[in-house]
Amino acid sequence: MYPSAKKTAEWGLLHLAVRDKAFFSAGVDNAKILGAMKTKISEALNMSKRDPQKAFMSRDLFVREMKKFLGDQGYAVDGETLRDISSNKRLSLIYDFNKTQAHEYARFMQGQEPDLLNAFPAQELYRAEDRENRRDWESRWRAAGGRIFGGRMVALKTDSVWVKISRFGMPFPPYDFNSGMDVRDVSRKLAEQIGFVSPGVELEPNNYYLEESKGIDSLTADQKNLIKNYYGDQVKMGLHEAQSQSGTMGKFYHKALNDKNYNGEVSFGRSTPQAIDMVKNATGIDLEGIEYRFEAKRVRHADVKHGAGEKDATQRPLTDADFRNLPYVWKFPDDVKPGHSPDEFILTKLMNGVTYMVSFIRSAKNKIAAPKTVWIKK
């Protein structure tokens with residue numbers, strides 16, 4: 001945590017390693033206030049430590065509690081502009097920015113996992129939300145060295161353009177305050193058509209940022225828990241670094257099929273805020289704090305029903321490569337459909353020309369969502 005009276009533009013000049021470990025609130029130089037803010041937002045991020053007797057640290061609750069805290073410190077709490085630390089606008093911005101950046105960091109790290117990176121090697125910058133006063137993102141994109149393809153701002157996920165367009169020097173959203181811009185995946189097939197990558201060529205993760213993030217000695221317990229919550233068994237938290245367990249699902253798949261007595265399970269962490277909202281809006285099922293766990297018996301069930309012996313002509317047999325893609329369906333689905341029971345939902349995602357369909361059963365009591373079955377539509 002770095003108290004500073006620097007303005008926002010100056011924060012953009014700080015070194016990545018320093019800024020990433022800092023808690024953002026430009027213009028606040030009171031360490032006690034920053035400490036209170038960080039503690040409260042950590043409560044919103046780290047659901048594993050949530051006190052069930054306390055209300056969830058939502059934006060509204062954060063604003064109310066910070067106003068009280070600031071009032072107790074002698075600050076006037078009737079401000080209305082972004083320049084006023086006690087205003088609803090300023091406190092909401094602090095909450096939204098820090099929480100969004102933490103989640104987007106986790107999404108970025110997930111996308112750099114080798115299997116997922118090579119299935120979706122590029123991404124598109126697009127307008128997700130309208131704004132009354134739009135920034136000229138196309139000019140900003142071109143100035144950073146980005147190219148336009150059919151009117152779309154597309155680049156490899158490993159391209160330096162993502163850092164260059166960011167006001168904060170980060171290769172992931174948000175790229176500026178209240179921009180309304182977001183990124184979405186571009187498939188391997190389209191990336192090859194554009195000429196970003198050649199068939200058969202494997203991309204290496206974005207070492208520029210991963211190297212900065214590898215050391216965990218200086219990470220807080222909340223930051224470590226956030227990474228673990230998003231990765232599950234796909235990351236091993238060592239003494240001094242976080243190590244990616246590439247191919248976790250593939251290894252689990254083969255063990256489940258080769259050993260019929262194996263009854264283990266593997267965790268792929270929690271879903272993304274976007275997916276959680278999609279599921280809740282489509283089905284009413286709340287996935288907040290819910291972890292994706294896959295049991296060995298479910299792998300065998302899916303293989304028997306939809307593996308090499310698949311009888312439905314509209315469906316393609318499952319392979320081990322398909323199972324390796326399932327964490328991506330969990331975190332970044334294209335669509336959500338209700339299932340046959342109150343706690344069942346179906347996630348779908350188009351990847352490499354086929355549609356993945358995964359039926360999940362949520363257990364609110366055990367805080368898990370387990371795949372019921374998996375199939376691939378041609």
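Is K372 buried, partly exposed or exposed? K372 is partly exposed, at 34% relative accessibility, where buried denotes under 20% relative accessible area, exposed over 50%, and partly exposed the range in between (1.4 Å probe, protein chains only). The structure is a predicted model, in which local features need pLDDT of at least 70 and side-chain atom pairs count only at pLDDT 80 or more, whereas totals for chains, interfaces and linings use all residues. Residues are numbered from 1 along each chain as its sequence is written, and side-chain values use heavy atoms, with hydrogens and water left out.

Side chains of opposite charge can pair when their charged atoms come close. With a salt bridge defined as a side-chain nitrogen of Lys or Arg within 4 Å of a carboxyl oxygen of Asp or Glu, the model contains 21 salt bridges. One of these joins K372 to E344, with 3.7 Å between the closest N and O atoms. This pair links distant parts of the chain, 28 residues apart: E344 lies in strand β11 (residues 344–351) and K372 in strand β13 (residues 368–377). Strands (E, at least two residues) are DSSP runs, numbered from the N terminus. In contrast to partly exposed K372, E344 is buried, at 4% relative accessibility.

A salt bridge is also formed between D335 and K337, at an N to O distance of 3.4 Å. D335 is partly exposed, with a relative accessible area of 33%, and K337 is likewise partly exposed, at 36%. The side chains of D130 and R134 pair at 2.9 Å, N to O; R134 is exposed, with a relative accessible area of 54%, and D130 is exposed at 54%.

How values were computed:
Helix = DSSP H or I, 4+ residues; strand = E, 2+ residues; numbered from the N terminus.
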